[in-house]
Amino acid sequence: MKATLCLFLLLIPAALYAQSSFVEIESLEDVTIRDDRAYIMFRTVRPRGVPSIEPVFLRIPRPGELGRLGDIENVQSVDASGSLVELSSERLYLVEVPPGDYVLYGATYAGGTPHLYVCMCLGTVGFAAAVGEITDMGYFLADRVHETSVIPELAPESGFGPSSYGMTILLGATVRPARTDTHFPAGIDPGLINPANYSAIGRFFEPRALAINRLAPVPGILDYELGRVIDVSSGQPVPDVR
Amino acid sequence: MRKRLTTVAMLVPLAVAATASTTANSQQSQAASPPDPSSLELPDMTPTTSSSVIRNGWKYFYFHKEGVTYQEAFEDFHDCYQFLATVSGRSELPMSVSWNSEPETSEGISTQSPYGVVGQVILGFVSGAMERRNRQSRLRRCLEPRGYVRYPISRDIWRQLTDGYSTDAIALQALAASGPTPNLEPVIR
């Protein structure tokens, strides 16, 4: 028995499966808005030919957490299979998250162990996810961009050809903010839902990404001028993050 | 939820920070001082007439921007070269990432980089064409929004110009980018 136990312990791999701090809510019956958590809602669309791509978020560490990096998990993807509502044309996600300020950090292909296939290192958006509220991002739109995307917002930032990808086909992404006519699921108190208050985020470095890109411009929020990230609301360039 | 494979090595603090300046709109990051262009030995940049070189222009090309000065091109390349930094074998989703904080050293991520940023420029696990395309992709996404276009060159000229993506290559490529506009169609693939 002891020998068997020892052998079993020896066979346990050094790899550990980490429990995600993101919880994808997959049933309306499971929707309980906690007063110590925040909630992010977004939709995805997958026209024919568009693969399943997951957003990767970074939660900006709070000052008290900076000394404990490694003890906290502040970079997460959202599991594409964890949708709350699945319609013929789109999926809706509701994700329970730690409250805080978030950055749309990158994207990864769905399925398997997530990798940072692309970081939005050349410009992206951020938003706050307040405790006890549902922050509605609108749509997270993503596609491979070696060919011109059929997603209208991504078309101008795609069609880069075969020299645009190295180890993996380059991904592009953007957000389409929620509008008054944006669908949200029945059964959720609309008073809890607030549209994401997006801000433009400057460039940052992430050497673990397989590729780099920038979030496609978001009208009224994010634009670029000769590669510089522009905060549309102020008209000013946004400085690099790090 | 999709669980993430987490190795013990990933649980150490992973902080990626650049030594780059944090001044506003620091696209040029640290002040870049280009070498005297007369000290550089530019390969023969005579526009090619070879149909095979033109056909393979999506593989071997150089960047050019009409009207850009050598100094401006050098600053652009110097800035974009920072994004070539990668960490060998570490493409998994990072768990903990600092943001706007002071640089921290971390296991496996060197603070020394030939391009002036944190991170080891090692692509040991890829080679040849994959390494070339990986770096080209990054430079394209950084330079093309600034108005740079690509022109085809032979593989030999490309090798001389890029010099294995050494820091010396920054000045060479800047010199080529600021040179005469070739009488060629730009590469669009």
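Mentor: A disulfide is a pair of cysteine sulfur atoms within 2.5 Å. The model discussed here is predicted, and over all chains it holds 2 disulfides.

Trainee: What makes Cys119(A) and Cys121(A) a disulfide?

Mentor: The sulfur atoms of Cys119(A) and Cys121(A) are 1.9 Å apart. The cut-off is 2.5 Å, so the pair qualifies as a disulfide.

Trainee: Why is the disulfide of Cys119(A) and Cys121(A) called left-handed?

Mentor: It is called left-handed because the torsion about its S-S bond is about -115 degrees. Cys119(A) and Cys121(A) are both buried.

Trainee: How do you know that Cys80(B) and Cys142(B) form a disulfide?

Mentor: Their sulfur atoms lie 2.1 Å apart, and the limit is 2.5 Å, so Cys80(B) and Cys142(B) also form a disulfide. The link is left-handed, with -80 degrees about the S-S bond.

Trainee: Which helices hold Cys80(B) and Cys142(B)?

Mentor: Cys80(B) belongs to helix H2 (residues 70–81) of chain B and Cys142(B) to helix H3 (residues 129–143) of chain B; the pair links distant parts of the chain, 62 residues apart. Cys80(B) and Cys142(B) are buried.

Trainee: How many aromatic pairs are there over all chains?

Mentor: The count is 22 aromatic pairs.

Trainee: Why is the pair of Tyr105(A) and Phe204(A) called stacked?

Mentor: The ring centres of Tyr105(A) and Phe204(A) are 4.8 Å apart and the planes meet at 10 degrees. Planes under 30 degrees apart count as stacked, so the pair is stacked. Tyr105(A) lies in strand E8 (residues 100–109) of chain A, and Phe204(A) in the loop between strand E14 (199–201) and strand E15 (222–225) of chain A, 99 residues apart.

Trainee: What makes Tyr105(A) count as buried?

Mentor: Its relative accessibility is 0%; buried means under 20%, so Tyr105(A) is buried. Phe204(A), with a relative accessible area of 0%, is buried as well.

Trainee: Why is the aromatic pair of Tyr62(B) and Tyr151(B) called tilted?

Mentor: Tyr62(B) and Tyr151(B) are 6.2 Å centre to centre, with 40 degrees between the planes. Under 30 degrees would be stacked and over 60 edge-to-face, so the pair is tilted. Tyr62(B) lies in strand E2 (residues 61–64) of chain B and Tyr151(B) in strand E3 (residues 149–152) of chain B, so the pair ties together parts 89 residues apart in sequence.

Trainee: Where does Arg214(A) lie relative to Tyr224(A)?

Mentor: Arg214(A) lies over the face of Tyr224(A), 4.0 Å from the ring centre. In chain B, the charged end of Arg150(B) sits over the ring of Phe61(B), 4.9 Å from its centre.

Technical notes:
Residues numbered from 1 in each chain as written. Chains lettered and ligands numbered in written order. Predicted model: local features only at pLDDT ≥ 70, side-chain atom pairs only at ≥ 80, totals over all residues. Heavy atoms only, no water. Buried < 20%, exposed > 50% of the residue type's maximum accessible area, 1.4 Å probe, protein only. Helix = DSSP H or I, 4+ residues; strand = E, 2+ residues; numbered from the N terminus. Phe/Tyr/Trp six-rings, centres within 6.5 Å; stacked < 30°, edge-to-face > 60°. Lys NZ or Arg CZ within 6 Å of the ring centre and 35° of its normal.
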